[in-house]
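Let's take a walk through a protein model together, one step at a time. Keep the picture open beside you as you read.

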Amino acid sequence: MPDSTAERTVKLVNPQGFHARPAHMFMKLASQYRANVEILKGNEVINGKSILDLLTLGAVNGTTLCLRAIGDDAQAAVDALSELIESGFGEMPGQTPS
Amino acid sequence: MPFAAGYWAWEILEKRNMKFSDFVSVAAIKADLASFDKPGVIRELVLSLTAAGAVKQSDADGIVAAIMKREELGSTGIGRGVAVPHTKHASVERLVGTVGVSSEGVDFNSLDGDKVQLFFLLVSPPDRPGDHLRALENISRQLRDETFCRFLKQAKSAQDIHLLLEEADNNQFVA
C-alpha cells in the first residue's frame, strides 16, 4: 500500500494533561504502527514515538493538538491515537485515577 | 484597571517557561547517589529534600510511599538514562524538586531497559497540574540536548550540577 497522510485535531480532555503516563501510553500505541507519527502544537512538530519529545509538549487540559501520521497505516494510527486522547487516557472522573 | 493588570500578570506567570531554578532545591542536589536500587534512590532523594528544608521530615515517609505507588503504574524511567520520579502531595504548597546523579546507574525498569543515571524528583501540590507539566516540559526539552545530558552524567559535585542547571536556564544548551 502506498504511503498516505492522515491528520486529525483533538482536544486533551483529561484533567491532568499530557503528563508522563499519558505520554508513555501514547508512545506505546504510536509505536505499534509503521507510520511516522507527529504532533503539531503551535509552531512545533514533535515525534509521537519519542517520550522525551511528547513531554516537551507540556500540554494542559483543554489544549488542542493536531495529530499527523505518514505511512501505509496512517489513518489507522490517527484513529487509534485520537481515540486514546479523547478517552482521557483512562483518567476521566469515574475512571481509575492515575 | 487593577483587575485587568493583575490578570495580565497572572497570565504571564502561567505561560512563561519554567526554569530549573523555579523548582530545584539547590541544597538538595545529590552528585553521587549511594543507593543502588529504585526504593533506595527515591528515599535518598526525598531525604535530601527534607535535609534541605524543602519538605517536612514528618512527610518524608508519605512522599516516598506515594512516589513508589506512582512507579507501580509504570516506571518514570523515560529512557536515555533519565528518570522523573514524582508525586502529588498535599504537604507542599508549591512544586519542589531535586536532581540526583548516579555514576554507576540504577536499575529503574526504565522504558528502554537502560540503567538510570539522572534523576529529577518532583513533588507537586495536588491542585497545580500545570506546574508539574511545565516542569516536565522544561526537563525533557533540556534533556533532548545530548551535551547537557552527558555533562550532567559526568558531574562530580552538587556545585557542578547546579552550574549546569543554571547554564540550561540561561539557554546555553537549547537554541
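What you are looking at is a predicted model, in which local features need pLDDT of at least 70, side-chain atom pairs count only at pLDDT 80 or more, and totals for chains, interfaces and linings use all residues. Residues are numbered from 1 along each chain as its sequence is written, chains are lettered from A and ligands numbered from 1 in the order in which they are written, and side-chain values use heavy atoms, with hydrogens and water left out.

Let's start with chain A. Its secondary structure consists of three helices and four strands; here helices (H or I, at least four residues) and strands (E, at least two) are DSSP runs, numbered from the N terminus. If you follow the sequence of chain A, the pattern is β-α-β-β-α-β-α. Chain A has a radius of gyration of 13 Å, close to the 13 Å that the globule rule gives for 98 residues, so it is as compact as a globular protein of that length. That radius is taken over C-alpha atoms, and the globule rule is 2.2 Å times the number of residues to the power 0.38. The C-alpha trace of chain A spans about 40 × 25 × 20 Å along its principal axes. Of the 98 residues in chain A, 51% are buried. Contact means heavy atoms within 4.5 Å, and among contacts in chain A between residues at least 6 apart in sequence, 73% join residues at least 24 apart.

Now look for charged pairs. A salt bridge is a side-chain nitrogen of Lys or Arg within 4 Å of a carboxyl oxygen of Asp or Glu, and the whole structure holds 15 of them over all chains. One of these joins Asp79(A) and Arg8(A), at 2.7 Å from N to O. This pair links distant parts of the chain, with Asp79(A) in helix H3 (residues 74–86) of chain A and Arg8(A) in strand E1 (residues 4–11) of chain A, 71 residues apart. Asp79(A) counts as partly exposed because its relative accessibility is 32%, and Arg8(A) counts as partly exposed at 30%.

Which residue of chain A does Arg144(B) meet in a salt bridge? The partner is Asp53(A), with the closest N and O atoms 2.9 Å apart. This pair crosses between chains, from the loop between helix H4 (129–143) and helix H5 (146–154) of chain B to helix H2 (residues 51–55) of chain A. Arg144(B) is partly exposed at 31% relative accessibility, whereas Asp53(A) is buried, with a relative accessible area of 13%.

Finally, visit helix H2 (residues 38–51) of chain B. Its 14 residues reach 20 Å from the first C-alpha to the last, close to the 20 Å expected at 1.5 Å a residue, where the expected span is 1.5 Å times one less than the number of residues. The buried residues of H2(B) include Val41(B), Ile42(B), Leu45(B) and Leu49(B). Among the elements covering the buried residues of H2(B) are helix H3 (60–72) and strand E4 (96–106) of chain B. Just after H2(B), Gly53(B) takes a positive phi of about 80 degrees. Arg43(B) forms a salt bridge with Asp61(B), the closest N and O atoms being 3.2 Å apart. Asp61(B) lies in helix H3 of chain B and Arg43(B) in helix H2 of chain B, so the pair ties together parts that are 18 residues apart in sequence.

Notes:
Buried means under 20% relative accessible area, exposed over 50%, partly exposed in between (1.4 Å probe, protein chains only).
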